[in-house]
Amino acid sequence: MKTAIVLVLACVGLGFSLSGAVGILRMPDLYCRIQCSSKTITMGALPALIALVVGEGVLSSYSSRALLTAFVLLLLNPAASHALARAAYKTGVPMWNGAVRDEAAEARERRDRERRADQDENQNQDQEED
Amino acid sequence: MHTVYGALALAEIAIGALVVLRLALGPTVADRIVALNTVCTQAALSVFFYAAYTDRSIYLDVAIWFASFSYLGAIVFARYLERELL
């Protein structure tokens, strides 16, 4: 029974890890690859670690380390992915040709337009006062 | 049970080897960082299962080190990229 649970969890983990690895190899641009990589961690590494916990028993030295690692991965992986994607976007890593929209660029343009309109308005007011 | 752990360690190493291809190919620095991060996580998992396979719990500390410091590395690299120091 225990072996069956370990095998199922390990197969789930290995399947997701494999699909994530194929995604990292085959995806067209960096942003898709980051998404694949973070899926590899949350659905690939955590079931494998839980398989280790189930297989060795909750009170063993393996399970405490495995749970600690699972917690650290769950905490740090989204933060690292976010920081990396943000840095890549700021340094101008190109998007895939088929990418549909870039909401950050749209928001920046909207902000610039509003700022320019404000400046024009202020200048007009100054001229009227003169 | 021990054979299962050995097979799992080998499988994680094989998956990591797939990602090493992206580490070698990756057109930008950020691509390589993503690949390196994934390889490190796979390496940590395989060390975990190897420790269970050989019944030596001293290897577990190596696995924890691998898993946590690869993220530290990714965050530091991202910071360098953002400040345009790399």
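1. In this predicted model, B:Ser68 is buried, its relative accessible area being 19%; the cut-off for a buried residue is under 20%. B:Ser68 belongs to helix H3 of chain B. Once neighbours within four places in sequence are set aside, the contacts of B:Ser68 are A:Val72 and A:Leu76.

2. The partner of H3(B) within its own chain is examined next. The axes of H2(B) and H3(B) approach to within 8 Å and cross at roughly 175°. Angles over 145 degrees count as roughly antiparallel, and H2(B) and H3(B) are therefore roughly antiparallel to each other. From H2(B), the residues making this contact include B:Ala30, B:Ile33, B:Asn37, B:Cys40, B:Val47 and B:Phe48. From H3(B), they include B:Tyr59, B:Leu60, B:Phe66, B:Ser70, B:Phe77 and B:Leu81. Sorted by class, the contact of H2(B) with H3(B) comprises 19 nonpolar and four polar residues, with no charged residues.

3. As to the geometry of H2(B), this helix of 26 residues spans 37 Å from its first C-alpha to its last, close to the expected 38 Å. Just after H2(B), B:Asp55 adopts a positive phi of about 60°.

4. H1(B) has 24 residues and reaches 36 Å between its first and last C-alpha, close to the 34 Å expected at 1.5 Å a residue. Its buried residues include B:Val4, B:Tyr5, B:Leu8, B:Ile15 and B:Val19. B:Glu12 and B:Arg22 of H1(B) are likewise buried. The cover over the buried residues of H1(B) includes H1 and H2 of chain A as well as H2 of chain B.

5. The largest nonpolar core contains 51 residues. Those with the most contacts inside this core are A:Leu30, A:Leu49, A:Leu52, A:Leu73, B:Phe48 and B:Phe49. At least two core residues come from each of the following: H1 (2–26), H2 (30–56) and H3 (61–90) of chain A, and H1 (2–25), H2 (29–54) and H3 (59–82) of chain B. H2(A) gives the most, with 12 residues. In soluble globular proteins, nonpolar side chains tend to be buried together.

6. A:Leu30 is among the residues with the most contacts inside that core. Which residues does A:Leu30 touch, not counting residues up to four places away in sequence? In chain A, they are A:Ala88 and A:Val93; in chain B, they are B:Ala30, B:Asp31 and B:Val34. B:Ala30 also takes part in the contact of H2(B) with H3(B).

Notes:
Residues are numbered from 1 along each chain as its sequence is written. Chains are lettered from A and ligands numbered from 1 in the order in which they are written. This is a predicted model: local features need pLDDT of at least 70, side-chain atom pairs count only at pLDDT 80 or more; totals for chains, interfaces and linings use all residues. Side-chain values use heavy atoms; hydrogens and water are left out. A nonpolar core is a set of buried Ala, Val, Leu, Ile, Met, Phe, Trp, Tyr and Cys residues joined through side-chain atoms within 4.5 Å. Buried means under 20% relative accessible area, exposed over 50%, partly exposed in between (1.4 Å probe, protein chains only). Helices (H or I, at least four residues) and strands (E, at least two) are DSSP runs, numbered from the N terminus. Contact means heavy atoms within 4.5 Å. The expected span of a helix is 1.5 Å times one less than its number of residues. Axes are lines fitted to C-alpha atoms, for helices over the stretch in contact, and angles run from 0 to 180 degrees between N-to-C directions. Angles under 35 degrees count as roughly parallel, over 145 as roughly antiparallel, 65 to 115 as roughly perpendicular and the rest as oblique. Ala, Val, Leu, Ile, Met, Phe, Trp, Tyr, Cys and Pro count as nonpolar, Asp, Glu, Lys and Arg as charged, and the others, Gly among them, as polar.
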